[in-house]
Amino acid sequence: MLRIDIVTIFPDYFRETFDFGIIRRARAAGLIEIKAHDLRSWTSDTHHVVDDRPFGGGDGMVLKPEPIFAAVESLTGARRREDISDGRRVVLLSPQGKQLTQAVAERFAKSEQLVLICGRYEGVDERVSEALVTDEISIGDYVLSGGEPAALVVVDTVVRLIPGALGSETSATTESFSDGLLDYPHYTRPPEIAGLKVPEILLSGHHAEIARWRKQAAEEKTKRNRPDLLRK
Ligand code: 9D3
């Protein structure tokens, strides 16, 4: 059983998503428990303030450390990274993080608890990343307005790796990225649309030739769209 706790100032952002697709299936099968928590519930002032002005000046606001430390303590029992037991991960979603990869997701999928902290505003007080989180993760080189969409991406990639979560679909380990190439092109009926035909070979029933065609098509597509994958 994997327990996922998301710490956010927008818990409602996640509400519907837990009731669809892979997350719903994994919850129903008892494989995961997932909850979005309001960071403001760990404030102690009457106005539930979670942000403050940056020391040293500059634009925008910074997420205060105290509510985040309190959230992690109540969710994990730990006040600092070194007290977080093996099997628990406290993940800060931030543009300054290491990029999420399939290998990172595979490690996360083996844990018993994932606490996902969603950054907001200009950033999060650096002491959170220095002393509390086990992993600081970005989902890629583009600008989001906060960590919430990134947390959803992490949850989706991780949950589908849990044995049983994919149901009848093919096993997660035999899929795209495991051989370092993009997937081969897929076709279904009809055999022709708008003058566009399905490659003849796929209708032939020659399984060995089909496999060879798919390998080559995957390589061509990878070269065109993701040459970086071939250089590694
Ligand atoms: C445009 C403002 N930026 C430069 C001054 C800094 C900035 C602060 C906060 C940029 C983005 C964000 C909010 N983003 C995230 O919290 C975030 C994120 C992302 O933006 N891209 C990829 N992965 C992630 S994970 C969290």
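Predicted model: local features only at pLDDT ≥ 70, side-chain atom pairs only at ≥ 80, totals over all residues.
**Exercise 1.** Work out the strand order of the open sheet of 5 strands, and find which strands are its edges.

*Solution.* Start with the general idea: strands of a sheet pair through backbone hydrogen bonds, either parallel or antiparallel. In this sheet the pairing is parallel, and the order reads β2-β1-β6-β5-β8. Now look at the two ends of that order: β2 (32–38) and β8 (135–138) are the edge strands, each pairing on one side only. To finish, follow the twist, which averages 25° from one strand to the next.

**Exercise 2.** Zoom in on β1 and β6: how many bridges join them, and which helices pack across this region?

*Solution.* First, find β1 at residues 2–8 and β6 at residues 113–118; they run parallel and are joined by 5 bridges. Then turn to the helices. Helix α5, residues 148–159, packs on the sheet and touches β1, β2, β5 and β6, with its direction at about 160° to that of β6. Helix α2, residues 65–76, lies across β1, β2, β5 (88–99) and β6, and runs at about 165° to β6.

**Exercise 3.** Describe the open sheet of 3 strands: what is its order, and how do β3 and β4 pair?

*Solution.* Begin with the order, β3-β4-β7, where the pairing is mixed. The edges are β3 (51–52) and β7 (123–124), and each pairs on one side only. Between β3 and β4 (residues 62–63), the pairing is antiparallel, over 2 bridges.

Definitions and conventions. Residues numbered from 1 in each chain as written. Heavy atoms only, no water. Pairing = 2+ DSSP bridges. Helix = DSSP H or I, 4+ residues; strand = E, 2+ residues; numbered from the N terminus. Axes fitted to C-alpha atoms, helices over the stretch in contact; angles between N-to-C directions. Contact = heavy atoms within 4.5 Å.
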